[in-house]
Amino acid sequence: IFSVCFLFYDMFETPIVVFVNAKSGGRHGPSVLSAYRSVLGEGAVFDVLDKGSLTRGLTLCYELARLPGCPVPRIVVAGGDGTVCWILCELMKTDRQRGFPVFPVAVFPLGTGNDMANALGWKSEYRSVFSSPQSMLQRVRRALPTPLDRWFVQYYQPASSGTNSFHSAPYSNLCPAFPSMAGFPEPACGPAKGDVRTMCSYFSIGNDAKVAKNFDKLRNRHPSLCTGPLVNQMWYIASALRTLSVPLKDNVELMVDNTPVRLPPWVRTVVVLNINSYMGGANIWGSPRSRRNEVPSFSDKKLEIVGLGRSIHQGAVRTFGFAGRRLAQGCEVRFRLTPSAQSRGMRFTTQIDGEPSNKCRGEVVIRFAMEAVMLRNPTATTG
């Protein structure tokens, strides 16, 4: 590994390590792997689906960081929003354990929605990822580091006693991997031990999360049908039109910064945004200026909460640029099934960063975790 490190150090001013998800989006990962290995070499480009490759890639980053005078390595993630969240989560764990500097991360759009790539200005470079690897790597070296908030998503099971409102009590059962959660109040529902996820881009509950789950099933069962971001989004829309939706108002309670938020009766999906890009680039928050809300930013330790209606409304948001209903803006978000919904055994599907996640059976709490360092495309203007 050290010989590879010195090779990088001699060849490049700033070393770059590339992680590729070969199955993201249109499954063009193999061609990306080949293109970047031809420039950086086999030892610097990793397929994250190969067993042990993620560990080997991160170890290479740490070995490079140890070299005297060597600049902090930069990481490229070629994949979708779920892949980005996965890599950042692994970095979060290892950085805290080893005390290394935070490695800046660039995102090449290789997924279906590519919302993180869009927020950082890389989505427009989709064709260049394949055709101009050397040019893309130079842009990564010139890219501007920018902080990105990351959030914990904690799922809780229903309390056996069945309470009627949100409740505060000291945490008694924390996931040991995330000690920074200590001191926060515990919800009314009993904790699901270790059931903590990390969110980087967005979280949703309701109809849209159900659509994401159905699309994920289609993608896994029939991979030949999903040949690229545009085709995948068409399948996503088709899945949305076939998915039945349920109003959230009488089934889910929402609280932001300990303040109850009323859900309009027509809302079928609630989206919690960390970045101002959703469903492949849609700005569902709308115009950034408002008398009641601050201008959204992915480094302000605040989240934007938006309500969406039926599938046809979500399609209009994506196709025509309509905005959703602004519900709130805050630092802590809680969802809880109403007692009547719990008594009927209802469960609501959720998604995190474009990937289906757990079903909400009791309560879901979203809180700030820590910052990552991302890289903005120096040749693009992003909002």
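This is a predicted model: local features need pLDDT of at least 70, side-chain atom pairs count only at pLDDT 80 or more; totals for chains, interfaces and linings use all residues.
I take buried to mean under 20% relative accessible area, exposed over 50% and partly exposed in between, with a 1.4 Å probe and protein chains only. Residues are numbered from 1 along each chain as its sequence is written, and side-chain values use heavy atoms, without hydrogens and water.

**Entry: N251**

I looked up N251 first. N251 is buried, at a relative accessible area of 6%. It sits in the loop between helix 9 (229-242) and strand 8. Helices (H or I, at least four residues) and strands (E, at least two) are DSSP runs numbered from the N terminus. A polar atom of the N251 side chain lies 2.9 Å from the backbone oxygen of P247. I then listed contacts, meaning heavy atoms within 4.5 Å. Not counting residues up to four places away in sequence, N251 touches V246, R336, L337, T338, A341, R344, M346 and F348.

**Entry: strand 13**

Next I checked the pairing, which needs at least two DSSP bridges between two strands. Strand 8 (residues 252-256) runs antiparallel to strand 13, joined by five bridges. M255 has R334 as its bridge partner in strand 13. Strand 16 (residues 363-376) also pairs with strand 13 in the antiparallel sense, over four bridges. There the bridge partner of R334 is V365.

**Entry: cores**

I count a nonpolar core as a set of buried Ala, Val, Leu, Ile, Met, Phe, Trp, Tyr and Cys residues joined through side-chain atoms within 4.5 Å. The largest has 55 residues, and F19, Y36, L88, F108, M116, W122 and M374 have the most contacts inside it. A second, separate core of 28 residues includes F203, I205, V252 and I352.

I followed M374. Leaving aside neighbours within four places in sequence, its contacts include V84, L88, V105, M116 and L148.

**Entry: helices 2 and 7**

I fitted axes to C-alpha atoms over the stretch in contact, with angles from 0 to 180 degrees between N-to-C directions. Helix 2 (residues 29-40) and helix 7 (residues 133-142) have axes that come within 9 Å and cross at roughly 70 degrees. That makes the two helices roughly perpendicular, a class that spans 65 to 115 degrees, with under 35 roughly parallel, over 145 roughly antiparallel and the rest oblique. A35, Y36, V39 and L40 of helix 2 meet P133, Q134, M136, L137 and R141 of helix 7.

Note on methods. A polar contact is a pair of N or O atoms within 3.5 Å; within protein, one must be able to donate a hydrogen and the other to accept it, and residues adjacent in sequence count only if both atoms are side-chain atoms.
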